[in-house]
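Open the structure in your viewer and keep the selection tool at hand. The tour below goes stop by stop.

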Amino acid sequence: MDSVAAEQKLLIEIQNVCYDYGYGDVLKDVSFPINSHDFLAIIGPNGSGKTTLLKIILGLLKPRLGEVTIMGKTVEEFADWKKIGYVPQKATHIDSLFPVSVKEVVAMGIQSSRRFPRRTRGEDICCISRALQQVGMGEYKNRRIGNLSAGQQQRVFIARALANHPKILMLDEPTTGVDAKTQEHFYDMLQRLNREKEITIVLITHEVGIINKHVEQVACLNQTLVYHGSHDEFCRSDEFKRMLADGHHLVSHHH
Amino acid sequence: MEVFFLYGFFQRAFLAGVFIAIACALLGIFLILRRDAMIGHGLAHVTFAGVALGLYLNVMPLAVALFVAVVASWIIMKLKVKAGLHGDTAIAIFSSVGFALGILLVTLSQSFNVDLFSYLFGEILAIETSEVVFSIVLAFVVVLLVVVNYHKFMYMTFDRESAKASGIKVDRLDGLLTVLTAVTVVLGMKVVGILLVSALVVIPAAAGLQVASNFKQAIVLSTFISITSIVIGLVLAFLLDLPASGSIVLLSFLAFGILFVFRRSRR
Ligand SMILES: Nc1ncnc2c1ncn2[C@@H]1O[C@H](COP(=O)(O)OP(=O)(O)O)[C@@H](O)[C@H]1O
Ligand SMILES: [Mg+2]
């Protein structure tokens with residue numbers, strides 16, 4: 001079992017991806033692999049193209065050049081999307097008056113991947129409770145999503161992804177504006193998911209300070225891939241020193 | 001009380017009304033939450049052109065209206081996505097052009113008469129058996145398709161990007177929702193008429209949304225309000241000789257008002 005668990009498999013391969021929104025390059029020739037069991041941080045200043053890259057991986061945007069393959073299939077061919085859990089950047093786009101309970105939000109994830117939905121019961125209810133417990137939101141099942149704090153909403157969205165037993169969890173700026181102590185708990189939780197459930201974690205952030213002990217690999221993005229490798233090496237790299245010198249909050253060279 | 005149900009025309013109105021009420025409430029919730037509440041209004045005006053065309057050609061106005069509304073709804077949706085027009089703009093243009101076309105056709109066919117008025121103001125108590133069957137079958141199909149896609153519609157309404165990322169074909173479902181709305185508007189026209197049908201789609205759903213704390217509650221409450229308004233409206237119309245359409249819409253507005261005040265006072 002151990003040798004299987006330790007074995008690294010190529011999950012996602014990003015190859016020579018270029019993208020523009022029609023106003024000049026946002027991503028230039030970005031290539032790197034994401035392996036199973038990785039705990040990868042994609043870091044870069046605001047506007048460096050991190051969210052864009054994530055949306056390309058998820059098939060929400062089509063690269064101008066290059067290709068992304070997921071589990072050996074191109075994004076167009078890939079169909080098993082529930083294996084890829086996506087937690088979007090800050091839940092601010094959510095309508096706070098939307099009448100939906102925490103429980104229903106998690107159920108959306110399970111039910112939507114079925115061709116014919118059925119009543120949510122039995123194993124589904126178990127699955128929903130378990131997913132909410134994993135993110136420490138078990139007691140909020142019946143609360144309306146709009147009544148929760150942004151950090152709690154984020155946890156619910158993680159639970160929604162977890163309910164589908166994903167192989168990989170992609171989080172866009174999950175801890176922006178969250179205090180240090182809560183962040184620590186949050187990373188502990190991600191680490192548990194990574195170690196115990198063997199879920200690959202890919203998280204995006206613009207704060208170098210966040211690159212903490214939990215992160216194992218780093219991909220540093222600023223239109224091009226500036227650095228890709230292990231966290232330890234990154235901490236010793238010139239790139240990291242330069243970033244720290246600029247302050248923890250990175251500033252894009254556009255600004 | 002049961003005395004009305006002995007009348008065939010009342011039974012027919014009641015049956016068709018209940019089915020249409022359910023379809024209206026279900027769609028209304030999604031449309032309001034998608035900020036698409038005006039599409040019912042726009043499609044109603046386009047439906048007027050369809051009815052006028054039917055009267056002009058002298059073929060089943062209901063069927064022609066259905067065809068025209070579905071085609072128009074499809075074009076409105078495409079315009080919204082492809083032409084970079086904001087949703088409202090396409091609806092505003094179509095609604096006035098539809099009405100203009102309707103007026104033209106009605107004048108040409110010289111059918112400014114009782115027939116036309118029944119489409120404008122609704123005449124559910126005069127609904128024919130063939131129309132009842134047609135309405136019930138279509139309303140049933142609408143409800144079935146909404147129920148089958150319930151979670152997907154909810155997901156994409158709540159969080160479109162994540163829904164898309166989870167593999168939901170959101171563009172296809174947008175199309176389905178628009179077409180279902182067109183069908184429902186045409187059916188609702190039989191109940192309350194072209195001029196009031198958008199109220200049937202929007203008001204019960206808006207009322208339910210006032211107090212619902214989860215989606216299931218919103219659906220159940222809105223459907224209940226929709227059905228109750230139609231049933232009580234029909235009874236009042238029959239007993240007091242009032243127009244059914246006006247009574248139904250005002251009753252649903254009454255429900256909206258009560259729930260609105262209730263929500264305000266709860267804080
Ligand atoms: N929808 C869009 N249309 C046009 N430009 C965009 C759009 N989204 C992002 N951009 C631009 O693309 C660049 C990269 O954005 P993004 O991927 O969101 O960066 P990050 O997530 O790293 O902050 C930015 O310069 C941004 O202004
Ligand atoms: Mg971003």
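Which element supplies the largest share of the shell around ligand 1? Select α2(A): this helix gives three residues, the largest share. Keep in mind that the model is predicted.

**Stop 1: ligand 1.** Now show the residues around the ligand. Among them are Y21(A), Y23(A), V26(A) and P45(A). The run N46(A), G47(A), S48(A), G49(A), K50(A), T51(A) and T52(A) also belongs to the surroundings of ligand 1.

Next, look at individual atoms. A polar backbone atom of G47(A) sits 2.7 Å from an oxygen atom of ligand 1. For S48(A), a backbone N or O atom is 3.2 Å from an oxygen atom of the ligand. Y21(A) uses its side chain: an N or O atom there is 3.4 Å from a nitrogen atom of ligand 1. Alone, ligand 1 exposes 560 Å², and the protein buries 60% of that.

**Stop 2: the magnesium ion.** Select ligand 2. T51(A), through OG1, and Q89(A), through OE1, coordinate this magnesium ion at 2.0 to 2.7 Å. The two residues are 38 apart in the chain. T51(A) is in helix α2 of chain A, while Q89(A) is in the loop between β6 and α3.

**Stop 3: a patch on chain B.** Select Y56(B), L57(B), V59(B), L101(B), L104(B) and L108(B). They form a nonpolar surface patch with about 590 Å² of accessible area together. Helix α4(B) provides the largest share, three residues. Finish on Y56(B), in helix α2 of chain B. Y56(B) is partly exposed, at 42% relative accessibility.

Key: Residues numbered from 1 in each chain as written. Chains lettered and ligands numbered in written order. Predicted model: local features only at pLDDT ≥ 70, side-chain atom pairs only at ≥ 80, totals over all residues. Heavy atoms only, no water. Donors = N, O, S within 2.8 Å, 3.2 Å for Na, K, Ca; no water. Helix = DSSP H or I, 4+ residues; strand = E, 2+ residues; numbered from the N terminus. Patch = residues over 30% accessible without salt bridge, like charges linked within 9 Å, V, L, I, M, F, W, Y side chains within 5 Å. Areas by Shrake-Rupley, 256 points an atom, 1.4 Å probe, with all protein chains shown as cover. Salt bridge = Lys/Arg side-chain N within 4 Å of Asp/Glu carboxyl O. Buried < 20%, exposed > 50% of the residue type's maximum accessible area, 1.4 Å probe, protein only. Near = heavy atom within 4 Å. Polar contact = N/O pair within 3.5 Å; in protein donor to acceptor, adjacent residues only side chain to side chain.
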